[in-house]
Amino acid sequence: MAAPVHHPKPPPRLARAQEAAAGGWLAGLPALVDDVCARWKLTAERVVEPGGSSSMTVLVTAADGGRAALKISPPDGSAAAEEAALRRWNGLGAVRVLRSAPDAGALLLERLRGETSLRSLPDAKAMLEAVSVVRRLWVDPGEGHPFPTVGERTAARAALMRAAADDETGPLVDQALRHHGELMAAPGERLLLHGDFRQGIVLASDAERSPWLAVGPEPLVGERAYDLARLVRDRLHDLVASPGAAAITRRRVTRLAESVDLDPDRLRAWSHFRAVESALRNLDQGRTADAEMLLEFATWL
């Protein structure tokens, strides 16, 4: 067994992403992890790297020898929403919560094989497995649920898109906003969604109930097409490099829609809106190459 890790430092990706918005939280993160581990009698093994841009995950061992993953998020309420969704799913298609500390933004999760996601599979097989997993997540959110709706989340983002549009991005933004208006004029189902579903967040599991489980939800309530829209552009770097990328993308939309009996036009519209919205966020953060790929992708739909 590796030597215990004390006062674990945030990985570089998290530090870069949160420095401006949550610098104080970042500075106190090592001590916070030590405190939670002491409270729950956990031994920290190592920090998961490169990790995410909005939370820190530490692999831990409990006093009884059980292995788990400790996830710490900023004090913005995201941990509470994530816990509510994971408990609603209760292990069906998603990782289980073992323990939580809302005051610390801490979730103790069952440990998955984080080094192996669906991206390790050939794309066609990965897509089949992804659809199998996400279908299990689409459940009734329950009475009095704490989750925002797709309309609430995307209305704020649409306003930011409108303000950020310039001469170059303006036509695609206008088209995305038209799609958004049409989608909101006839809203679809009201199901619990993952919110950021893609191949990379579906991890290999040793659990008997499923070989693949989802992690990292950004839960909200709405229609299935919104959830699948992020999956449509999975492995975007590979798509861009492929001959006939536009045709491949359109076929992917059709096949994904057919696999869950969805209207392909709604999936196409959400895919366009989410790609353009993500492109503008990437531009704002200085990731020009990623933004240009997303804008190119949007032209294929």
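Hi everyone. A salt bridge, for today, is a side-chain nitrogen of Lys or Arg within 4 Å of a carboxyl oxygen of Asp or Glu. Keep in mind that we are looking at a predicted model.

Let's start with Glu277 and Arg281: their closest N and O atoms are 2.7 Å apart, so the pair counts as a salt bridge under that 4 Å cut-off. Both sit in helix α10, four residues apart, which puts about one helical turn between them. Glu277 is buried, at 7% relative accessible area, while Arg281 is partly exposed at 39%.

The structure holds 16 salt bridges, and some reach across the chain. Take Arg39 and Asp103, whose side chains meet at 3.4 Å, N to O. Arg39 belongs to helix α2, and Asp103 lies in the loop between β4 and β5, 64 residues apart. Arg39 is partly exposed at 38%, and Asp103 is exposed at 62%. Together with Asp35, these two residues form a network of salt bridges.

Then there is Asp123 with Arg252, where the closest N and O atoms are 2.9 Å apart. This pair ties helix α4 to helix α9, with the partners 129 residues apart. Asp123 is partly exposed at 26%, but Arg252 is buried at 10%.

Note on methods. Residues numbered from 1 in each chain as written. Predicted model: local features only at pLDDT ≥ 70, side-chain atom pairs only at ≥ 80, totals over all residues. Heavy atoms only, no water. Helix = DSSP H or I, 4+ residues; strand = E, 2+ residues; numbered from the N terminus. Buried < 20%, exposed > 50% of the residue type's maximum accessible area, 1.4 Å probe, protein only.
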